[in-house]
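User: I have not looked at this one before. Can you walk me through what is on the screen?

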Amino acid sequence: MSKNKFTRSLAGVAMIATVGAGLLVAAPAKATAPAVTINIWTFGDVIEPAMLRAYKVIHPEVTIALKKADLDPSMTNLTTSCSAYVQSHHLGSPPDIAAVEVSYSGYWRAYPQCFTDMRTLSTSAANANAQSLVPSSSNIASGLSANDIKNNYLAWRWAQGTGYNDSVIGIPTDVGGLEVAYRTDLFKKAGLPTDRAKVSALWPTWDKFIAVGKQYMTKVSAADKKKGVGFIDNVGTIYAASMNQGTYKYYNNNGTDAGQLVYKVQGNAPVYDPKTKAQKIDPKTKKPMFKKDWVLNPNITKAWDYTIKADNAGIGTRIGQYTSDWNVGMTKGTFATILAPAWMMDYIKGQAPTTSGKWNIASLPGGGGNQGGTQLTIPKWAAHPQEAWDFINWYLAPQQQLTVFKTYGLFPSTKVIYNDPALTGFKDPFFTNAPVGSIYLTGIQKLQPIFEGKLERAIDQAIGAGLGRVAAKKQTSLQSQIQVMIDLDKATK
Amino acid sequence: MTTSIVTRRRKPKWQRVSLTGYIVLSLVALASVFPFYWMFVVASQTTAAISSPTPVLIPGGRFFTVIKHVYEVVPFNVALLNTTIVGLTVAVAQVFFSALAGFAFAKLNFRGQKGLILFVIGTMMLPSQLGIIPLFMLVSQAGWLDTLLALIVPALVTAFGVFWMRQVVDAQVPNELLEAASIDGAGVMRIYWSIVLPIIRQSGFVLGLFSFLASWNDFLWPNLVLQTPAHFTAQVAVAQLKASYVLDYSLNLGGAFMATAPLLLLFVFVGRRLVSGVMDGAVKG
Amino acid sequence: MADIATKGRSRPKAAPSPWKQKKRKPSKGGSGVPSLNGKWAYLFIAPFVIMFLIFGLLPVLYSTNLAFYQYDPLSLSQTWVGWDNFKFVLADETFWISLGNTFEIWALSTFPQMLMAIGFAAILRSRFLRGKTFWRTILLVPNITSVIAVAIIFGQLFGRDYGMINNVIGFFGFPHIDFVENSFASHVAVAVMITWRWVGYNSLIFLASMLAIPDELYESASLDGAGAWKQFTNVTLPGLKNTITFVLIVGTIGGLQVYAEPLTLAGTQDGGSSHQLSTLTMYLYNETFINMKYGYGAAIGILITIIVLIISAINFLVTRRVASEDKR
């Protein structure tokens, strides 16, 4: 009995063992790729946590280490690292991916030697079956270089990642866009229409926008005016919006790293009278005097004039964006309009939740607009350029940008999905169910690529300071323009 | 002996603290702590509450939610540990080396002494931002990037520390004491160890404390050389909370609160030592 | 070792006039004790000197060398320009504005603070003070609060339209003060931030020194009929001479390099629309890292160093002059 039982149990164990072993062998062997850590230097919410979690499912062997900092320290870090690389030619240092913000793109485009030219990279098969692991994801084919994905993106966003020598140094993430967020309740109180289409029809141009502002201000009580109530939060935003609506800003691409400075041209310059601090009037002819001299280029002058006109009309408050006063002002109704990029909607919701349903979105005067945006780059000294390129192709692919939009509200820069109902049909109840998706879509497709040069930020800063001086009544418009010219000459020497 | 007892008993009357004195101290204490309290209030409210037109002065109930969120974004405990390690090492090293050099400048005569101390003071006047790129390259070539060594080694000595200890030794250690010991046959090392160090111990402790603080609050340099979250220090960790283009006040101040609170706790313990140490020095003197 | 009675008697000679002692320095060089073997000094200062050279001095010297070039750290192009960078700095209006700002902020934040610190220390010194640990700990809280948090909080306090301070001002019927655009007001705001952060720290330094002043001095002064205030001016203050110089010099060096506070209040690297909040260090940072002019920035750095040197020297000489006038 025992011998029989023993033999049978032995056989049983043997069978189980065999089956078990067989199952183990037969189970599809999970490709054990070597563990890799990708270092990403970023700021803000360029890299979203939910997407990282999804990528972890696709590639458990990849750890993504984020290092966030404010924008300026982040860019200084990149400069320091590139300088170290250029001197030592030491490869394999962090980061593998660096996020570069649009306001710095002019600078980095002058230094393509800091970055890997993405036209020379080619995706591996790493994400070719991504969808089978994460159903909402798309598959990324192997063998893709920058040239292959170029047409997925808005032309002018793509241009912001192209070096002066045509090398591709960065792939675009989201696009900010720019439209006008306005307070329906305040408009109604001032006797203005509140319907989106009607409001958009009120201001096809900046001149008309200023006129609407003036009309609004006539209904503002004197007491409120004293408290600093206005129509638009800050007239300085008009300058930036107008500049982006042209075809050039401060530079032309002449094939050199520095670019050709075109912030000033020869033209009819107003003669400055130090006594009146304005244009000199000829005592004989009583006509304003001009002379042949350097002037700021027509695009700058146009944007400047709009801004000053708005300021003179008294339609702006003196609140700076992103200050604590601005946050409070949103709730209190200190201003009725904000030139808002898509990502600002969430910010408004967070700062002023009690104003839900009192906002709407109208189109921007003068055409399309943009504020913000980032490119993901791969520095030349990256330790894992291949894995970085695979990640970037996945993260910034149209499908993934759409997912980011649905989860976080950042607008995709990939034009190929612009007919997706998730975008075109997107409405926001906080903004009176405005079809925010299609509004921003219309706007961002109107923009042209603009060449940005090395000292873009410095020039913006000098002009911004000039506008600020006029708004703070420290200088007259002409006086400030003259100083801006001096400052720009100094900055670009 | 008699002299000291008599001294202690006849404490001058004005050394008592008047009501005015207490009022002044209370106001100072309030002003010192208010921003910290405000940090706590903001961290425990929603962002909307902070931007509301009526200022909020009472803490809300969200504090622990916010702190939980902070920990989700960064491994804060590890960051605090890293910061403590760096801070302690730097503090101890700075005090040790500064005391040595400070004593030498104050009490030993050697060639070039005057010039060297002036030079040391002069170097304190160079803006630190200048040396960032070459220092980074140095640290990078040494292979210390992304390690705590990059924070510790360049900070082992400081001109300020030497200057401070020199002042302290000069003011608190009388030459006659050292003369007497030297006549008694003690060597320089022995004198330093047994006489000078005990006297300057409290001031040394104060220096260590300040070094620790400076290290704790440093942001720019750690932000440059540290890469992976596991190696971050507290300030770098707090910077990770900047989750968007714009500021989530309650999250950021929650993180800042967490980066500050441990120091406060430290002081609750260290403060007592600090007081008794300083007091001891006074009585002994 | 030495008999305490002797210690008590020999003290008065050393403490009240430290300056006197300094003047008696043997001309050979050194205020030190002659009978101690000076050769040990080299060993004692060696660790400091070596590490300081490598990590402190060399990097800065390397960068200052750039002041004579037009330098691009990314393309490594270097053009010798001699003194041009310095000439441009001195001709740059922004430099002079920054200089003025830095001085005004320094004056507003150093002198009131010193007076406050000595005052607080005088109160804290009392042996009869209740809750010593508590008060002394509280004083350091500002110093441990992270700069980011301080910037956010004070930014809110100083807001022009809705900041708490302006709320109070408006409550009393006065017009709001623009703490960012108005040059003087903005300097006051920065000075408040700096004072808030450092007054406790400096109080403790003064406290430590005050406690080192021996009681015998106060005793003999009160025996001479001196009241509380006279004792303060004739015993305490002289005993603090060295510390005052020290705090003044360190405060000057730090104050002339102030950077984080004005930057956060201004919001932009250039210090505001008329550079009202630009300090020397902000100017350096802006020219170097925003305008990408590393050579120019290095020249600014050298000029800053020279300025700080001159001011510190003036501080030193003035306090020394005042001290020797006070000499008994």
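This is a predicted model: local features need pLDDT of at least 70, side-chain atom pairs count only at pLDDT 80 or more; totals for chains, interfaces and linings use all residues.

User: Start with chain B. What is its secondary structure?

Analyst: Chain B has 14 helices and zero strands. Along the sequence the pattern is α-α-α-α-α-α-α-α-α-α-α-α-α-α.

User: How much of chain B is buried?

Analyst: Of the 285 residues in chain B, 59% are buried. The accessible surface of the chain is about 11,800 Å², and carbon and sulfur atoms hold 69% of that surface.

User: And what share of its contacts is between residues 24 or more positions apart?

Analyst: In chain B, 72% of the contacts with a separation of 6 or more are between residues 24 or more positions apart.

User: Give me one residue of chain B to look at. Where is Q167(B)?

Analyst: Q167(B) is in helix α9 of chain B, residues 159-172. Leaving out residues up to four places away in sequence, Q167(B) touches N242(C) and F246(C).

User: Is Q167(B) buried or exposed?

Analyst: Q167(B) counts as buried because its relative accessibility is 12%, and the cut-off for buried is under 20%.

User: Next, chain C and chain A. What area do they bury?

Analyst: Chain C and chain A bury about 2,800 Å² between them, and 50% of it is on carbon and sulfur atoms. L74(C), Y162(C) and M292(C) supply 27% of the area that chain C buries against chain A, more than any other three residues. The contact involves 34 residues of chain C and 35 residues of chain A.

User: How many salt bridges and polar contacts are found there?

Analyst: The rule finds four salt bridges across the interface of chain C and chain A. It also finds 17 residue pairs in polar contact there, both residues at pLDDT 80 or more. On the side of chain C that touches chain A, the elements that give two or more residues are β1 (69-71), α5 (93-125), α7 (147-157) and α14 (280-290). The largest share, four residues, comes from α14(C). That side of chain C divides into twelve nonpolar, 13 polar and nine charged residues.

User: Which side chains meet in those bridges?

Analyst: One of the pairs is D178(C) with R318(A), at 3.2 Å from N to O. Another pair is K474(A) with E181(C), at 2.9 Å from N to O. K474(A) is in the loop between α20 (456-471) and α21 (477-491) of chain A, and E181(C) is in the loop between α8 (164-171) and α9 (183-211) of chain C. K474(A) is partly exposed at 33% relative accessibility, and E181(C) is partly exposed at 22%. Salt bridges that share partners also join R318(A), R160(C) and D178(C) into one network.

User: How many salt bridges over all chains?

Analyst: The search of the whole structure finds 17. Among them is R183(A) with D185(A), where the closest N and O atoms are 3.0 Å apart. R183(A) is buried, with a relative accessible area of 4%, whereas D185(A) is partly exposed at 27%.

User: Change of topic: backbone. Where is the cis peptide bond?

Analyst: A cis peptide bond joins P94(A) and P95(A), with omega about -5°. P95(A) is in the loop between α3 (71-88) and β3 (97-101) of chain A.

Definitions and conventions: Residues are numbered from 1 along each chain as its sequence is written. Chains are lettered from A and ligands numbered from 1 in the order in which they are written. Side-chain values use heavy atoms; hydrogens and water are left out. Buried means under 20% relative accessible area, exposed over 50%, partly exposed in between (1.4 Å probe, protein chains only). Contact means heavy atoms within 4.5 Å. Accessible areas come from the Shrake-Rupley method with a 1.4 Å probe; for residues, only the protein chains shown count as cover. Buried area is the accessible area (1.4 Å probe) that two parts lose on being put together, summed over both. A polar contact is a pair of N or O atoms within 3.5 Å; within protein, one must be able to donate a hydrogen and the other to accept it, and residues adjacent in sequence count only if both atoms are side-chain atoms. Ala, Val, Leu, Ile, Met, Phe, Trp, Tyr, Cys and Pro count as nonpolar, Asp, Glu, Lys and Arg as charged, and the others, Gly among them, as polar.
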